[in-house]
Amino acid sequence: MQRKHFLSLSFQQNLMELKLHPYLLQLAHPFRISREAHNDQQTLIVSLHHGMHTGYGEATANPYYQSSVAQMSEQINGIKAQIEAWDGQDIDWFDKLLQSSELGSFARCALDLAAHDLWGKMRGAPLWQLWGTTLEHYPTTNYTIGIDEVPVMLAKMAEKPWPIYKIKLGTDRDIEIVRALRAQSDAVFRVDANCAWTPEQTVENARQLKELGVQFIEQPLPADDWSGMSYVRTHSVLPIIADESCLVESDVARCAEYFHGINIKLTKCGGLAPARRMIDQAKALGLKLMVGCMTESTVGISAIAQLLPQLDYVDMDGALLLAADIASGIYIDDQAQVHWPNLGGSGVVLLADK
């Protein structure tokens, strides 16, 4: 009887176990962009446990994309049986499962990230290595300064000296803001208008922003203003990077006609597997490549970091904007240097599980 009980217990330990962990992340400072502002961020952590290993994934709630923690949880629980049938071995099988499901992209992202983290941990190697890349060269993340009164924005920069800042814009004083920040910093500046400008504003702002040493402009126009982007693409003196206009794999080819580069968000495209396909498409089309983040924890940021060797730019400061993190994994120090964990996969450990 004792032997039968041992065999039964051993079998149960080798089954896949899915768990959902909702969190409310508190931000260190209020964060505002052109269309919204918030002091905290709801997020969903997904864990996949198999044998001795646990993989973690994340997707934040986002009203702009009509994604909530409750909605993601309901969708994921709807295919729990299929998810728990996976043995952690064939990551392509898992990707096909997600592609064939009716999950929204945010729910797919959380599962995809957890599956990749588990898959890498079971092989004892980080994802970047399993994908055949190296850490010889990779971009430095920017640090984001949200819209605020200029003295507050300056104080945030003084609190966080950084080599690259992304400055959120979309006000009636955008050039004034950048000029004031430039007077206090010689860091690289990038600006993100989050769809707030007109084509004419963009072209004129680009001229002045170039004089202020801005590197590029991210998503100046509404996502579906393709005629406006045609005008901007022709007349802008600064490169334009797509964000809201480039959500999924099928958007890449169209964006190549209107933008100089794309910013891939894992939550929007559905995770690492589709992001890697988007990267391959973008490279073939000669587009500059950036991967961006939401205001998320180290769970999501550690997944983004696995793509670093393949990118031109990166925005992975989400965890740096939090008052307190919920996980360990990739760590970015005060000199903007990335420190890589010893674990395989994305290297994530949820602090509650330590």
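This is a predicted model: local features need pLDDT of at least 70, side-chain atom pairs count only at pLDDT 80 or more; totals for chains, interfaces and linings use all residues.
Local features are taken only where pLDDT is at least 70, and side-chain atom pairs only at pLDDT 80 or more, while totals for chains, interfaces and linings use all residues. Numbering starts from 1 along each chain as its sequence is written, and side-chain values use heavy atoms, with hydrogens and water left out.

Helices come first. Two packed helices are described by the angle between their axes and the distance between the axes. Helices (H or I, at least four residues) and strands (E, at least two) are DSSP runs numbered from the N terminus. Axes are lines fitted to C-alpha atoms, for helices over the stretch in contact, with angles from 0 to 180 degrees between N-to-C directions. Helix H4 (residues 91-100) and helix H5 (residues 105-123) have axes that come within 10 Å and cross at roughly 170°. That makes H4 roughly antiparallel to H5; angles over 145 degrees count as roughly antiparallel, under 35 as roughly parallel, 65 to 115 as roughly perpendicular and the rest as oblique. On the H4 side, Ile91, Phe94 and Leu98 meet Arg108, Leu111, Asp112, Ala115, His116 and Trp119 in H5 (contact means heavy atoms within 4.5 Å). Sorted by class, this contact of H4 with H5 has six nonpolar, one polar and two charged residues. Here Ala, Val, Leu, Ile, Met, Phe, Trp, Tyr, Cys and Pro count as nonpolar, Asp, Glu, Lys and Arg as charged, and the others, Gly among them, as polar.

Another pair is helix H9 (residues 199-211) with helix H10 (residues 226-235), whose axes come within 9 Å and cross at roughly 20°. H9 is therefore roughly parallel to H10. Pro199, Glu200, Thr202 and Val203 in H9 meet Gly228, Tyr231, Val232 and His235 in H10. The H9 contact with H10 has four nonpolar, three polar and one charged residues.

Next come the aromatic rings. A search of the whole structure finds 10 aromatic pairs; rings of Phe, Tyr and Trp (its six-membered ring) pair if their centres lie within 6.5 Å, with planes under 30 degrees apart counted as stacked, over 60 as edge-to-face and the rest as tilted. One of them, Trp128 with Trp340, is edge-to-face, at 6.3 Å centre to centre and 65° between the planes. This pair links distant parts of the chain, 212 residues apart: Trp128 sits in helix H6 (residues 127-130), Trp340 in the loop between strand E14 (338-339) and strand E15 (349-350). Trp128 counts as buried at 13% relative accessibility, whereas Trp340 is partly exposed at 23% (buried means under 20% relative accessible area, exposed over 50%, partly exposed in between, with a 1.4 Å probe and protein chains only). The rings of Trp226 and Tyr258 are tilted, with centres 5.1 Å apart and planes at 55°. Trp226 lies in H10 and Tyr258 in the loop between helix H11 (251-255) and strand E9 (261-265), so the pair ties together parts 32 residues apart in sequence. Both Trp226 and Tyr258 are buried.

Finally, some single residues. Thr267, in helix H12 (residues 266-269), is buried at 4% relative accessible area. Leaving aside residues up to four places away in sequence, Thr267 touches Ala59, Thr60, Ser105, Phe106, Cys109 and Met294. Phe106 also belongs to an aromatic cluster with Tyr64 and Tyr65. Most residues other than glycine have a negative phi. Gln66, however, has a positive phi near 55° and is exposed, at 66% relative accessible area. Gln219 has a positive phi of about 35° but is buried, at 0%.
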